[in-house]
Amino acid sequence: MSTTDKAPTAAPDPAHDSAASAAADATDAAAAAQLSTAPLEDPPAGGPAVGMGVLGWIRWFWRQLTSMRVALILLFLLSLGSIPGSLIPQNRVDPMKVEIWKGKHEFWVPAAEKLQLFDVYSSVWFSAIYILLFISLIGCIVPRTWQFVGQLRGRPPGAPRRLDRLPAYTTWRTESAPDEVLSYAKELLRSRRFRADAAGNAVAAEKGYLREAGNLAFHIALIVLLVAFATGQLFKSEGGKLVLRGKGFSNTLTQYDDFKSGSLFSSDDLPPFSFTLDQFDAEYEKSGPTKGTPREFKAYVTYSKGAHGTPAKTEIEVNKPLDVEGSKVYLLGHGFAPVLSVTDPSGKVIFKDAVPMLPQDANLTSAGAVKVTDGYQDKNGKKEQLGFNARFVPTFAGKGQGTMVSQFPSPDFPVLALNAWHGSLGVDSGLPQNVYQLDTAKMRQFKKENGDPFSQLLVPGDTMTLPDGAGTVKFEGIERWATFQISQQPGTGAALGGAVTAILGLAASLFIQRRRVWVRAVTGEDGVTVVEMAGLGRSESAKLPEELADLAAKLNQRAPTAPAPATHPVEATVEGERG
Amino acid sequence: MTLLAAATNTSLAHASNVLIYSSMAVYMLAFFAHIAEWTFGSRSKVARTANALTAGAAKAPAVQVRSKAGGTAVMDKPQVVTRSATGTRDVPDGPGAAGGTAKGDLYGRIAISLTALGFLLALGGVVSRALSVQRAPWGNMYEFSITFSTVAAGAYLLLLALGKNVRWIGLILVTTVLLDLGVATTWLYTDSAALVPALHSYWLWIHVSTAIICGAVFYIGAAGTVLYLFRDSYESHLAEGRKPGVFRTSVLERLPSASSLDKFSYRINAAVFPLWTFTIIAGAIWANDAWGRYWGWDPKEVWSFITWVAYACYLHARATAGWKGRKAAYLALFAFACWIWNYYGVNILLNGKHSYGGV
Ligand code: HEM
C-alpha cells in the first residue's frame, strides 16, 4: 500500500532489442508515475553545485528539508526528543517533583538546566525539531496538493506499450470489434466508479483517488492540530480555588488561590460567571482490601452566567466538569474545615470561622493553622494575636490508640487536636504566608502548670479553655470544602476537528488502494480482435489481480472468447512467460 | 440484597481466577502440541528456498498461469497472470511448522484447538471478572494483562478463521500469552474492586479497550517482523551461496518467505495505526474531561505519542526508497518496544497521573 514502486522494470528479454525495451520501460514508468504525489526520488546527496551562490544553497536546503528522508529523520528525532521529558520531572507538569529531583541529583542540575531538561516540551531544541518538521510538512504538502489537483483535472495516463509486463495481466481473442470492446470497457469501468477515458486503441482508467486525498487531508490536519495546540498553550488560563460549603466563587483574577496562564493571555479574557458550593458528597469503599478508596465525589453547585445571570443548579463530578461561558470548572479535591469559635478573656467571641485543613493522606488526616489576627486583648488589655496548630482526623482510632492518624476518610469519629500560641503571627510583614502553617518565630506557646506545651483533643461541641483565663476555643462542628480548577483553553474545538480529520484521512490513505487499469483492443493479423487488460497498483496486492479478473470476466461476457485459430498466434501464448 | 450481591460478586471474582488458571493450563498443553508440531515437521526435507534462490536464471513460473491456450473449441475464461515487483526475491512460502508431515499437521491442529479452548476459558475469566466488579474489566494492570492476551489469542484465531496463512505464528503466540498470564497472575494480581472516581467514564470503555486491541495486534505485527528479520537474513545467506546451520534451516525453511512476512507485518501495523491514533485522541478527550487539559505531557501521554510517532516513522520508511525492508523492520520493532515500555515501564516505574489502584 505504501510503497513508491516504480513501474516494474522487466528483466532483460531476449526477444526484444534493447532499444525497444528501453522505450517500453519509459512508457511503463510514465504510466506508473503519479500513482502517488510522494516526492519521487530522494534529492541527490552532496551540496549544491559550485558557484550557485546563496540562492542555490537556499534551494538545496529547501529540497533537503522537504524530502521524505529528512521528514523521516525529523520524525525519528521527535520521538527520541520526547523521551527525556518522560524520565525527568517537568516544571509544567509538577514543579514539586522537579525540586525533589534536583535535590537528589545535584551533580546533574547545571547540565540539565543548560539543556532545558526540566522544560523539554518548550525547549529550544525540541521546538527546533517540530518547527523544522512542520516547515518540511508544509513544503511537502503544497506541491503535492498542486500535483494532485493536476492529476484530478487531467486524464489517467495512457496505456503502456507492453501491458503484459504489468503486475496483473490478461488477454483473450474475441469476435467483437475493437471499438465495441473499448466502449464496453469504458462503460464497465465507469460503472465501477473508475475514471475511464479512451485514448487511441485503449481505455485508461484509474480509481482510488481518495487515498491521496486522505493522505493530504491527514497531513494538513496535523498542521491544524499543531496550530490549535499552540494557540491553546498561548492563550490558556488555569487557576485553582478552594471553596467552602456554602461559599462561592466569581471568576476574577483576585479570587483565585493560584493562577497560571499562557504568555498571550490577558485577564480581560476571563469570562464573567460565578458559582456557590451548596453541598459536597463523598463515598468510599466501606470494607474489603480497598477500604477507604474513593468511589464517588459530587459537588452540588448553583452557578450563574455573566455578571448577573439567572442561577442554575448542577452537579460537578470528577469526570464531569461544569462548562460555563467557555470555561470549564473541574472538581479536583476536597477536605474538611473544622468550625471554631474563639473568645477573649472577657468572653466576647472574637473569631468564628470554618478553617480549611490540608489533607495529608488518603484517609484525610488533615493539618492546618487557625490564625486569629484581629480583636484579641489579653487579660491586661494588651493587643495580641492568637494562633493554633491544628491536626484533624475524620475517623479517630479511639482513646489510647492515641495517634492522630485517620482510619477512614468519612467523618465517623472526628477529632481535632490543637496547641495554642500567642504573640505576633507575622502576617503584617507583607511577606506572603502559608495559610496552613503557623509562623511561630514571634510567638510563645501556651504552657500547662508543669511547663509542658498546652494541647488538647476535641470532639465537636468540646470547648478548650486556655491557661490563665486567656480565653476559650470551641470546636463547633465540621464543614467541608472542595477545590476546583477553572480552566479555559481556546482552540480545543479546532484540535478536535483536526484530530478527527486526521483519523479519517489516515484511514482513507491506508485502506484505499489507488490503481490503474488499461484495456487495449486491436485487430489481430487474422482479423480477430485481441483484448488485453492490465492492472497496476502502488504495490503488489492480492486484490489487484482479483479485481482485474473480475473486470475481465465481466468484459468477457460481452466480448466472448473467440474459438482459437488453427495455428497459435504468437501474441496469445504468454504462458508462464515472465519476460 | 446488597449482601447477596456482594456474595455473588466474590464468587464471580473467584470463578474468574479459576478460569484464568484453567486457561493457562490449556495454553500450556497447546504449547506442547506446537512443540510436537515443530518437532515432527523437522523430519520433512524441504529446501525450496535454496532451490528457488540458486536454481539460476531458469526461474519458476509465475503464480498463476493461463493454462489452456486454446486449441479446443471450449471458450475459456481469461486468466490473470501476475508477476512480482522487481527487487523482491521470488521465493515460495514455507510449508508451515508441520513441514507437510501428517503427524506434525495433526499436532498443529490439536494445538490450535487447544488455543481456541484456552481463549474461551480466558474470555470467560475476563467476562466474569467484569461481572464481579460490574464495570469494564480494565481498572488495573492485572485486568489489562488478562484482556491483552485474550485479545491477542482472539485476533490470531480470527485471522485463522478468515483463512489467512498465520499458523506459523502459533508457537510464539502461545508462548507469549503464557508469559503474559504468568506475569499477570504472579506479579500484577489485584483483587477485584470498584473503580476510583477518576476512571469513571464511558471513555474508559472506548479508550482502554482500543488501547488493548492495538497492543495485542501490534504484538502480532511485531512477531511477524522479528520472524521476517530472521527469515530475511536466512534468505540472503542462501542467496550468497552460503549454507546455514541445520537447525536454522529446519526452522526458517518452514516459515513464509521474507517478503510474505514483511507484507504481513506491514498490513497488520498499517491496519491498527488509525486505531492507535484514535486511542490517543479518545484518551485526550477523556483527559480533557477528567483533568482539564487534553494534553499535559504526562509520562503515559508522552510514551503514547512516542509510540505513535515511531509507527508513523515506520510507515514513512516504507514509502522511502532506501528504507524499505530491514531498516523499516527495525523501526517497527522500536515502535513496539515503545508500546511495551509504555505499558509496563511507565505504569510501574514512572508515576504520572495514570497510576492505577495497586498497579
Ligand atoms: C508531523 C509529521 C508527520 C507525520 C506524523 C506523518 C505521518 C504519516 C503517516 C502516518 C503516513 C502513512 C499514511 C500513508 O501511508 O498513506 C504518512 C504518509 C506520507 N507522508 Fe507523512 N507524516 C509527517 C510529515 C511528513 C512530511 C514532512 C512529508 C514530506 C516530506 C510527508 C510525506 C508523506 C508522504 C508522501 C506520505 C505518503 C506515502 C505514500 O504515498 O505511501 N509526511 N505520513
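Modeller: Gladly! Let us start with a pair of facing residues: Tyr300(A) stands opposite Glu315(A), which belongs to strand S9(A). Please keep in mind that this is a predicted model.

Colleague: Which strands of chain A pair over seven bridges, and in what sense?

Modeller: The general idea comes first: strands of a sheet are held in pairs by backbone hydrogen bonds, in a parallel or an antiparallel way. Here, strand S8 (residues 294-305) of chain A pairs with S9(A) over seven bridges, in the antiparallel sense.

Colleague: What is the order of the strands in the open sheet of four?

Modeller: The order is S5-S7-S8-S9 in chain A, and the pairing is antiparallel. Strand S5 (248-250) and strand S9 (311-317) of chain A are the edge strands, as each pairs on one side only. From one strand to the next, the twist averages 25°.

Colleague: How many bridges join S2(A) to S3(A)?

Modeller: There are five bridges between S2(A) and strand S3 (residues 202-207) of chain A, and the two run antiparallel. Across this pair, Ala196(A) stands opposite Ala205(A) of S3(A). The two strands form a hairpin with two residues between them, where Gly200(A) takes a positive phi near 65°.

Colleague: Which residue other than glycine has a positive phi near 55°?

Modeller: As a general rule, phi is negative in most residues other than glycine. Gln116(A) has a phi near 55°, a positive value. You will find Gln116(A) in the loop between helix H5 (109-114) and H6 of chain A.

Colleague: Is Gln116(A) buried, exposed or partly exposed?

Modeller: Its relative accessibility is 28%, so Gln116(A) counts as partly exposed. Arg193(A) also has a positive phi, near 60°. The loop that holds Arg193(A) lies between helix H7 (178-191) and strand S2 (195-199) of chain A. With 70% relative accessibility, Arg193(A) counts as exposed.

Colleague: And Glu235(B): buried or exposed?

Modeller: Glu235(B) is buried, because its relative accessible area is 1% and the cut-off for buried is under 20%. This residue sits in helix H6 (residues 202-239) of chain B. Its side chain reaches the backbone nitrogen of Ala258(B) at 2.9 Å.

Colleague: Now for the ligand. Which residues around the ligand come nearest?

Modeller: There are 30 residues around the ligand, and those that come nearest are Cys140(A), Asn215(A), His219(A), Ser509(A) and His316(B).

Colleague: Why is the site said to be shared between chains?

Modeller: The ligand is surrounded by residues from chains A and B, so the site is shared between them.

Colleague: Which elements give two or more residues to the shell around the ligand?

Modeller: In chain A they are helix H3 (68-87), helix H6 (124-153), helix H8 (209-235) and helix H9 (492-511), and in chain B helix H9 (299-319). H6(A) gives the most, with six residues.

Colleague: How many residues of that shell are nonpolar, polar and charged?

Modeller: The shell divides into 18 nonpolar, nine polar and three charged residues.

How values were computed
Residues numbered from 1 in each chain as written. Chains lettered and ligands numbered in written order. Predicted model: local features only at pLDDT ≥ 70, side-chain atom pairs only at ≥ 80, totals over all residues. Heavy atoms only, no water. Near = heavy atom within 4 Å. Nonpolar A, V, L, I, M, F, W, Y, C, P; charged D, E, K, R; others polar. Pairing = 2+ DSSP bridges. Axes fitted to C-alpha atoms, helices over the stretch in contact; angles between N-to-C directions. Buried < 20%, exposed > 50% of the residue type's maximum accessible area, 1.4 Å probe, protein only. Polar contact = N/O pair within 3.5 Å; in protein donor to acceptor, adjacent residues only side chain to side chain.
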